[in-house]
Amino acid sequence: MGWLRRLRSMFLRMRHRRAVEDDLDEEVGSYYEIRVERRLSAGLTREEAARLTRLELGGTAQVKESVREAWTGAAIEGLARDLRYACRVLRKNPGFTTVAILSLSLGLGANTAIFTLINTVMLKSLPVANPERLFFIDNSGGKSGGDSRPPYPCYEILRDQRT
Amino acid sequence: MAKSADLLQGTLDLLILRTLELEPLHGVAIADRIEQLTKGVFVIGPGSLFPALHRLAERGWIEGNWTEQNGRRVKSYALTGPGRKQLTEEKRNWRKVITAVNQVLAEEG
């Protein structure tokens, strides 16, 4: 499973950033050391050897930066490859793809519908200026029952008492 | 480095994989081996060598391990199973390219 391994190495690199950087540091460093030592055994002074090596090979910082770029490049490339693979598999199994898309869209649609309903009925306040000052007035203890509301004069009395 | 031939894209990967086919090697040794085998036509600087090594390792074709060599810690790279398969594949591709280009050149001559 290529993608699993890639995901793991990407994850490890993020978690152990310091260790990975040290590792790269040591790797590139030892490369330069070996090159310098060869010059030393050819009879140059350490400074001269180090200078010539840097001149010939360019700085270590640049080398390390290009390695980091290679990591990023590999990660993006891997992602693109996975996406292409996913598309190909989906195209090859139209039945599965249809069922998957249908169940996803039904699920999403149902959830959206239910949320819209709950949002309007329970969560959003009424579209008036001061919804917290609204009151609901109803009869209680009356014999009539049913759909009766207090008559308008009752409402007027209540309103005038409030203010 | 100016005297070395320009590397065709992907050629460096092939050269590295082939070099590691025989035995695990560290960075300097890989560059040396390629330079020797190509009689100095390909001189691989660290600026191209290390990104290539890490790219190949990222794909799982080679694997780097710290080892001791002459009292120095070096990171040695070894070919993996998938790397071996990839090498076979790239060798085949390379021969195809060579044959095709040669045919075009023969046409010209």
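The model is predicted.

Chain B holds an open sheet of three strands. Their order is β1-β3-β2, and the pairing is antiparallel. In chain B, β1 (25-26) and β2 (62-69) are at the edges and have a single partner strand each, so one side of each lacks a neighbour in the sheet. Strand β3 of chain B covers residues 72-79.

The two pairings can be taken in turn. Between β1(B) and β3(B) there are two bridges, and these strands run antiparallel. One residue to look for here is L25(B), whose bridge partner in β3(B) is Y77(B). Between β2(B) and β3(B) there are eight bridges, again with the strands antiparallel. Here W66(B) has K75(B) in β3(B) as its bridge partner. β2(B) and β3(B) form a hairpin with two residues between the strands. In this hairpin N70(B) takes a positive phi near 50 degrees. As a general point, side chains in a regular strand alternate between the two faces of the sheet.

From chain B itself comes helix α1 (residues 11-22), which lies across β1, β2 and β3 of chain B and runs at about 100 degrees to β3(B). From chain A comes helix α2 (residues 17-41), which also lies across β1, β2 and β3 of chain B. The angle between this helix of chain A and β3(B) is about 110 degrees.

The next topic is the contact between the chains. Chain A gives 26 residues to the contact and chain B gives 24. The size of an interface is often stated as the accessible area lost when the parts come together. For chain B and chain A the buried area is about 2100 Å², with 55% of it from carbon and sulfur atoms.

How many residue pairs are in polar contact between chain B and chain A? The count is 10, with both residues at pLDDT 80 or more. On the side of chain B that touches chain A, at least two residues come from each of α2 (27-37), α3 (46-58) and β3 of chain B. The largest share, eight residues, is supplied by α3(B). Sorted by class, this side of chain B has 12 nonpolar, six polar and six charged residues.

Side chains of opposite charge can pair when their charged atoms come close. The structure has 19 salt bridges over all chains, and seven are found across the interface of chain B and chain A. R72(B) forms a salt bridge with E37(A), where the closest N and O atoms are 2.5 Å apart. D32(B) forms a salt bridge with R35(A), where the closest N and O atoms are 3.3 Å apart. This pair crosses between chains, from helix α2 of chain B, which holds D32(B), to helix α2 of chain A, which holds R35(A).

How values were computed: Residues numbered from 1 in each chain as written. Chains lettered and ligands numbered in written order. Predicted model: local features only at pLDDT ≥ 70, side-chain atom pairs only at ≥ 80, totals over all residues. Heavy atoms only, no water. Pairing = 2+ DSSP bridges. Helix = DSSP H or I, 4+ residues; strand = E, 2+ residues; numbered from the N terminus. Contact = heavy atoms within 4.5 Å. Axes fitted to C-alpha atoms, helices over the stretch in contact; angles between N-to-C directions. Buried area = accessible area lost by both parts, 1.4 Å probe. Salt bridge = Lys/Arg side-chain N within 4 Å of Asp/Glu carboxyl O. Polar contact = N/O pair within 3.5 Å; in protein donor to acceptor, adjacent residues only side chain to side chain. Nonpolar A, V, L, I, M, F, W, Y, C, P; charged D, E, K, R; others polar.
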